[in-house]
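The following note sets out numbered points for a colleague who has the coordinates open. Please read each point against the model.

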Amino acid sequence: MSTTARKLRVGIVGGGFMGRVHGRSALVAGAQIVGAVGSSPERAGAAAEASGAERGFATLGELLAADIDLVHVCTPNNTHLPVTLQALEAGKHVICEKPLATSAKDATGLLAAALEAGRVATVPFVYRYHPMVRELRTRIAEGEAGQITSLHGSYLQDWLAGANDQNWRVDDTAGGPSRAFADIGSHWCDLTEFVTGDRIADVSAQTRTIRANRGGAEVRTEDLATAQFRTVAGVVGTVVVSQVAAGRKNRLYLEVSGTESSFGFDQEDPDRLWVGRRAASQLLTRDPDTLSPPAARISRLPAGHAQGYQDAFDSFVADSYAAALDGDHPDGLPDFAAGARSAHLVDAVLRSAAADGVWTPVENSTIGELNPTTSSHD
């Protein structure tokens, strides 16, 4: 994460939970939050207060007309396309929340627009920024797993388990045709492809809606999804995604099984990495003094001081700002190519589930990053 004498001037669109998260990371990275836009002109002040912005703007147009370099898009999913296109057309760099768009077609269009505009455009797949994830990635790249034989895991939450639990994401008009898989399954898939360097090529999926009615309205998005998959390299895997798993708050778990070593990462215990071997297993604890250089680079605290989700988000935003300010493209920075890739995965899952689990290819299964690196190291 490079530094520069000039402060980046940013604007934040959206004053909800993610607007607050983005705002905190912007301030930690040393940016000046010039302004924020809420869901209506009347909400401009509240959006500014939530995100730490200097003032609220009544409209997106007014914010884009201000002297800003980059826009954080933290709005409902169905607005990502028009807001991001408007920001790119105004010549701004963009950080857009995931899913990048509510369809693979629109996500691919945003990738094309970012390339045409020549702007830095990133998506917060922030679990890439846990140091022990980078340690896992480095060890796999160095061959420590041997031949990877299988990939499996889950992303489980319970925040929509109750009959009266409600959120705008439930509404397919605002959130898009997929909820659980687009919202959290996308994180699991991105993490899996990131650490292995492999791509999911085909899926056999099923989805289920447990709460078919919430608040008197019909629910058309899935509460849970399961998928078998095959990768480009021929590795087989499974994933379970649920937002109705009682007791599980934000439990992303990934296990990579290999002939020489296996690895397990639990996002709710991110300072540790399980390493399994036939003779013995061990639990590695994050320590900047002993980690590989890619992992040590994003270790913000000394050993024994827990790092978590916000720290990962801070590192992601800092890398995005480095790209915008210096033309630097730090290793592993998830850009709009990653967002478009994710949209194609979600699309394949939905198409497979609609066809009773028929094996379905993931289009563009070899899509790369906008700014590929030639090494797995920083």
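1. S25 is found in helix α1, which spans residues 17-28; helices here are DSSP runs of H or I with at least four residues, strands are runs of E with at least two, and both are numbered from the N terminus. At 0% relative accessibility, S25 counts as buried, where buried means under 20% relative accessible area, exposed means over 50%, and partly exposed lies in between, with a 1.4 Å probe and protein chains only. Leaving aside residues up to four places away in sequence, S25 touches Q310, F313, D314 and V317, a contact being heavy atoms within 4.5 Å.

2. On provenance, this is a predicted model, in which local features need pLDDT of at least 70 and side-chain atom pairs count only at pLDDT 80 or more, while totals for chains, interfaces and linings use all residues. Residues are numbered from 1 along each chain as its sequence is written, and side-chain values use heavy atoms, with hydrogens and water left out.

3. The helix that carries S25 packs against α10: the angle between α1 and α10 is about 60°, and their axes are 9 Å apart. Axes are lines fitted to C-alpha atoms, for helices over the stretch in contact, and angles run from 0 to 180 degrees between N-to-C directions. The crossing of α1 and α10 is right-handed; a crossing is right-handed if the near helix is turned clockwise from the far one by less than a right angle, and left-handed if anticlockwise. In α1, M18, V21, H22, R24, S25, A26 and V28 meet Y309, Q310, F313, D314, V317 and Y321 of α10. The residues of this contact divide into eight nonpolar, three polar and two charged. In this division Ala, Val, Leu, Ile, Met, Phe, Trp, Tyr, Cys and Pro count as nonpolar, Asp, Glu, Lys and Arg as charged, and the others, Gly among them, as polar.

4. Helix α5 (residues 104-117) and helix α11 (residues 336-354) pack at an angle of about 170°, with axes 8 Å apart. That makes α5 roughly antiparallel to α11; angles over 145 degrees count as roughly antiparallel, under 35 as roughly parallel, 65 to 115 as roughly perpendicular, and the rest as oblique. The α5 and α11 crossing is left-handed. From α5, the residues A104, A107, T108, L110, L111 and A114 meet F336, A337, G339, A340, A343, H344 and D347 in α11. By class, the contact of α5 with α11 comprises nine nonpolar residues, three polar and one charged.

5. For α6 and α8, the packing angle is about 45° and the axes are 7 Å apart. The two helices, α6 and α8, are therefore oblique to each other. V133, R134, L136, R137 and I140 of α6 make the contact with L191, F194, V195 and T196 of α8. Six of the residues in the contact of α6 with α8 are nonpolar, one is polar and two are charged.

6. How many salt bridges does the structure hold? There are 20, each being a side-chain nitrogen of Lys or Arg within 4 Å of a carboxyl oxygen of Asp or Glu. One of them joins R128 to D190, with the closest N and O atoms 2.8 Å apart. R128 lies in the loop between β6 (121-122) and α6 (131-141) and D190 in helix α8 (residues 180-196), so the pair ties together parts that are 62 residues apart in sequence. Both R128 and D190 are buried.

7. R297 forms a salt bridge with D319, the closest N and O atoms being 3.0 Å apart. Because R297 lies in helix α9 (residues 293-297) and D319 in helix α10 (residues 309-326), this pair ties together parts that are 22 residues apart in sequence. R297 is partly exposed at 21% relative accessibility, whereas D319 is buried at 0%.

8. A network of salt bridges links E135, R139, E144 and R277. Within it, E144 pairs with R139, with 2.9 Å between the closest N and O atoms. E144 is partly exposed, its relative accessible area being 22%, and R139 counts as buried at 17%.

9. Most residues other than glycine have a negative phi, and most peptide bonds are trans. The K98 to P99 peptide bond is cis, with omega near 0°, and P99 is placed in the loop between β5 (93-96) and α5. D356, although not a glycine, has a positive phi of about 60°. D356 lies in the loop between α11 and β17 (360-361) and counts as exposed at 78% relative accessibility.
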